[in-house]
Amino acid sequence: MSAGRAGGGEPSGQIRTEIPATGERGPTTMISSGREVELGARSMLILVEGVFRFDVEPREDTVKTILRNLSGEASAEIRNVPVGGASTVLTGPGELTALATSRFGGEIVLIGADGAERAVAKLLVGSVCDLERGVTSFTAQATLL
Amino acid sequence: MLELTLRVGAADVEEVLDAVLPALPGGVHLQSEEGEVAELSVTLLPGTPGEEEVRRLAGPLLIDLSAAEVSDDWRERRLARYEPLVAAERFELRPEWAPPSGDPALVEIVLGESAAFGTGSHPTTQACLAALAEAVPSGRSLADYGCGSGVLAIAAAKLGFSPVIAVDVEETSVGAARENAERNEVEVDVRQLDLLAGPPPAADVVAVNVPPAIQIDLAGGVEQAPGLVIASGFTADDVADVASAWEARGLRVAEEQRVMEWSMLVLR
């Protein structure tokens, strides 16, 4: 297993780890990052060049998520994937239902012009809101499929 | 501490963010988007690139860039960005740290800082407040299901609904709603309850700003259908399902509103 950091072209604060194949699946890549974001600021959590960028914006009430489609496919969507234990969910317009300590599981899906869907990454996002310091700390992990 | 303001074409915002966000872990504030020009601000927190690097990253899409000293204290920066929040031309919602507008025509609701939903800035809260302002309070009780900070319950109590009950499953929300009711000197019976575990408390009017799956279960779970339901927390995609759930209890859609990506229903 190897981990590379910014010097290798990764964006600031993002780590790319190559995970070798196991008997059940081929080699894969895990991208992880950590951010501390002020209320109202939009920050990038995960960037997969040429595929997608996943941003968050902690708001007064919720966390707005923004998925930027960089793939050339017609569209990209993020869908809820249940994670164990208590978690928050994504509502219609891409808002997580809680600003407080939460975790969110999702799957990034690219959709072609013909409607064909291809899941490209699984996403796990954790957040902790620190009201004393006016920031929300995020950790994110994307496993490329 | 320095804050940079980047003026870019409104149509170029996403492209500029593509260029600058990977280098700015603390993110970018979208300050304004008026007409064809948008303003983005970047607080130069320790460890972030400087002015020249941000200028280089933004590239030729940058119309201009200015720098100004701002406070090191995030509370003061927040106050500098604060704009009074008026909902339905009737309510002034302000955090306790912000100064009052002093407009006597507005019903003031002061909210303490908490992680509970309901600062009043969310479009669904504003839509519910607008519907509440139109409802006749005299002699009617109100229940706020999924009360969060208690903002709807407090608004209802200030309008004259009585008694007012506020219910939430989250301890944080229940604590925040109790403190906010006290802060606003209104009587609200705040209860910690799982709305789906049993019949929720009955009332003449129900305000329910929760995700659609909970709306639908709630509609099926009330023992006695209320006379008026103000429902939000869902998008246009879910309106038919939410409306059907309440229609099965004998109510009819009297009003449907879209607020940004969200929907709000008034059912009688």
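Modeller: Two residues are in contact if their C-beta atoms, placed from the backbone, lie within 7 Å. The structure discussed here is a predicted model.

Biologist: Among contacts in chain B between residues at least 6 apart in sequence, what percentage join residues at least 24 apart?

Modeller: Chain B has 268 residues, and its C-alpha trace spans about 65 × 40 × 35 Å along the principal axes. When contacts between residues at least 6 apart in sequence are considered, the share in chain B that joins residues at least 24 apart is 60%.

Biologist: What is the corresponding share in chain A, for residues at least 24 apart?

Modeller: Chain A has 145 residues, of which 32% count as buried. Among its contacts between residues at least 6 apart in sequence, the share that joins residues at least 24 apart is 39%.

Biologist: Which strand of chain A gives the largest share of the side that touches chain B?

Modeller: The contact draws 27 residues from chain A and 28 residues from chain B. On the side of chain A, the elements that give two or more residues are strand 3 (28-38) and strand 4 (41-48). By class, this side has 10 nonpolar, nine polar and eight charged residues. The largest share, five residues, comes from strand 4 of chain A.

Biologist: Which residue of strand 2 of chain B is the bridge partner of A:A41?

Modeller: Strand 4 of chain A pairs with strand 2 (residues 28-34) of chain B in the antiparallel sense, over two bridges. In strand 2 of chain B, the bridge partner of A:A41 is B:H29.

Biologist: Which strands stand at the edges of the open sheet of eight strands?

Modeller: The order of this open sheet is 8(A)-6(A)-5(A)-4(A)-2(B)-3(B)-1(B)-4(B), and its pairing is antiparallel.

Biologist: Which residue stands opposite B:L65 of strand 4 of chain B?

Modeller: Strand 4 of chain B pairs with strand 1 (residues 2-9) of chain B in the antiparallel sense, over seven bridges. The residue opposite B:L65 is B:L6.

Biologist: Which strand of chain A does helix 1 of chain B lie across?

Modeller: Helix 1 of chain B lies across strands of both chains, and it runs at about 140° to strand 1 of chain B. Helix 2 of chain B lies across strand 1, strand 3 and strand 4 of chain B, at about 160° to strand 4 of chain B. For helix 1, the strands of chain B are strand 1, strand 2 and strand 3 (37-43), and the strand of chain A is strand 6 (63-69).

Biologist: Are helix 1 and helix 2 of chain B roughly parallel or oblique to each other?

Modeller: The axes of helix 1 (residues 13-20) and helix 2 (residues 51-58) of chain B come within 8 Å and cross at roughly 130°. In the contact, B:V16, B:A19 and B:V20 of helix 1 meet B:V54, B:L57 and B:A58 of helix 2, and the residues divide into six nonpolar, no polar and no charged. An angle over 145 would count as roughly antiparallel and one of 65 to 115 as roughly perpendicular. The two helices of chain B are therefore oblique.

Biologist: In which hand does helix 7 of chain B pass helix 8 of chain B?

Modeller: Helix 7 (residues 212-221) and helix 8 (residues 236-247) of chain B pack at an angle of about 15°, with their axes 8 Å apart, and are therefore roughly parallel to each other. Residues of helix 7 including B:I216 and B:A219 meet residues of helix 8 including B:V242 and B:A245. The residues of this contact divide into six nonpolar, two polar and two charged. The crossing of helix 7 of chain B with helix 8 of chain B is left-handed.

Biologist: How many of the nine residues of helix 5 of chain B are buried?

Modeller: A residue is buried if 20 or more other C-beta atoms lie within 10 Å of its own. In helix 5 (residues 151-159) of chain B, the buried residues include B:V151, B:I154 and B:L159. This helix is largely enclosed by the rest of the structure, because the number of its nine residues that are buried is eight.

Definitions and conventions: Residues are numbered from 1 along each chain as its sequence is written. Chains are lettered from A and ligands numbered from 1 in the order in which they are written. This is a predicted model: local features need pLDDT of at least 70, side-chain atom pairs count only at pLDDT 80 or more; totals for chains, interfaces and linings use all residues. Axes are lines fitted to C-alpha atoms, for helices over the stretch in contact, and angles run from 0 to 180 degrees between N-to-C directions. Helices (H or I, at least four residues) and strands (E, at least two) are DSSP runs, numbered from the N terminus. Angles under 35 degrees count as roughly parallel, over 145 as roughly antiparallel, 65 to 115 as roughly perpendicular and the rest as oblique. Ala, Val, Leu, Ile, Met, Phe, Trp, Tyr, Cys and Pro count as nonpolar, Asp, Glu, Lys and Arg as charged, and the others, Gly among them, as polar. Two strands pair if DSSP finds at least two bridges between them. A residue is buried if 20 or more other C-beta atoms lie within 10 Å of its own, exposed if 12 or fewer, and partly exposed in between; C-beta atoms are placed from the backbone. A crossing is left-handed if the near helix is turned anticlockwise from the far one by less than a right angle, and right-handed if clockwise.
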